[in-house]
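Visitor: I would like a quick tour of this chain. Please take my questions in turn.

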Amino acid sequence: MPLGRLSASLLLLGAASLVDGAIHTNLPRPNPFVDPAHDPYNPLKYIASNTLTAIAFSLVLTVGIIQTWFIRRYGAKWMMSMTIGAYLFALGLSIRFGLHLHPQSKGLYIIEYLFVVLSPCAFIAADYVLLGRISKHLGADEYLLVPSRRITIVFVASDITTFLIQAVGGAMSASANDPTMALAGSRVFLGGLAAQLLSFVSFSCIFAIFLYRVRTHNAAMWTMDKDKVWYKSWLALAGALVVSCIGILIRSTYRVVELSEGFQGPLTRSEPFFYGLDTLPLFIAISVYIPFWPGRFIPGSTAATDSVKSRGSSKDGNEKAVVSSD
């Protein structure tokens with residue numbers, strides 16, 4: 001079985017066991033709409049709002065569609081992970097329509113939880129790639145703590161590692177025969193989330209140091225687009241990445257705190273917190289690239305461009321030689 005499929009299976013199994021442990025009870029099933037806050041079978045502890053779900057789903061899906069068109073129109077296929085993540089995130093949000101009708105459905109909750117929690121990994125990966133592309137575009141690798149050719153590999157590898165930690169934690173919980181082992185598994189799962197947050201904090205610090213070094217050590221590079229309107233300057237794209245990082249940091253911190261409280265904590269039981277500290281920051285993190293799509297700032301690969309120029313120069317030289325010989 002491929003590593004990715006195995007990891008996903010382990011995480012799915014683990015999440016199912018964690019949720020099962022959170023809502024396991026032998027009590028008779030009450031009317032799910034009478035008192036959802038005290039319903040032992042309702043993992044959300046509230047009835048998901050169809051209005052909020054429709055708004056969030058529509059906004060995130062719209063961002064995904066626009067980014068798809070931008071990739072075709074302006075390029076930057078290396079941002080595709082963010083676009084795919086937007087569709088998966090929208091899919092996770094759409095499951096909340098089902099939870100509104102069937103609030104006691106553990107299966108729907110597991111699917112919703114996995115898509116909503118895991119899809120932002122794709123947003124994080126896109127931001128990792130973008131910083132490397134900005135550095136290459138500027139020729140500013142000397143100002144990065146990690147070379148641009150390695151920064152994507154290093155941080156994507158950290159994402160995979162933290163994902164596997166979460167998978168191991170889920171598998172431990174799934175195979176546990178006693179509460180102590182199940183608790184240990186949930187803590188490993190939490191450790192994976194915390195490690196992922198730490199990795200992104202490290203990346204954000206590297207990005208901040210990069211901007212500081214360019215500004216203080218290379219004024220010409222910092223102001224290279226001063227003759228352009230502000231929204232066409234590379235600094236506008238860098239600013240978009242800053243906003244995206246802040247959104248992801250807010251959301252990641254929320255998720256770590258939420259899981260540290262357990263599935264019955266106050267953050268888990270609050271729909272306003274879910275939209276205010278998870279969905280909204282992530283929406284901002286991906287929608288900020290709509291007016292500042294990277295493909296409009298960073299053209300196609302430098303190698304390809306140089307190759308075209310080289311062929312053009314060679315062709316012009318041959319034509320001049322022919323004219324000269326005539």
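Predicted model: local features only at pLDDT ≥ 70, side-chain atom pairs only at ≥ 80, totals over all residues.

Guide: Residues are numbered from 1 along each chain as its sequence is written, and side-chain values use heavy atoms, with hydrogens and water left out.

Visitor: How many residues are in the largest nonpolar core?
Guide: A nonpolar core is a set of buried Ala, Val, Leu, Ile, Met, Phe, Trp, Tyr and Cys residues joined through side-chain atoms within 4.5 Å. Buried means under 20% relative accessible area, with a 1.4 Å probe and protein chains only. Ile-134 and Phe-210 are among those with the most contacts inside the largest core, which has 72 residues.

Visitor: How many residues of H5 are buried?
Guide: Helices are DSSP runs of H or I, at least four residues, numbered from the N terminus. H5 covers 120-138. The helix is mostly covered, and its buried residues number 15 of 19.

Visitor: Which residue just after H5 takes a positive phi?
Guide: H5 reaches 28 Å from its first C-alpha to its last. Just after H5, phi is about 70° at Gly-139.

Visitor: Is Lys-45 buried or exposed?
Guide: Lys-45 lies in the loop between H1 and H2. Its phi is positive, near 70°, in a residue other than glycine. Its relative accessibility is 11%, so Lys-45 counts as buried.

Visitor: What is the relative accessibility of Ala-76?
Guide: Ala-76 is in the loop between H2 and H3. Ala-76 counts as buried because its relative accessibility is 10%.

Definitions and conventions:
Buried < 20%, exposed > 50% of the residue type's maximum accessible area, 1.4 Å probe, protein only. Helix = DSSP H or I, 4+ residues; strand = E, 2+ residues; numbered from the N terminus. Expected span 1.5 Å × (residues − 1).
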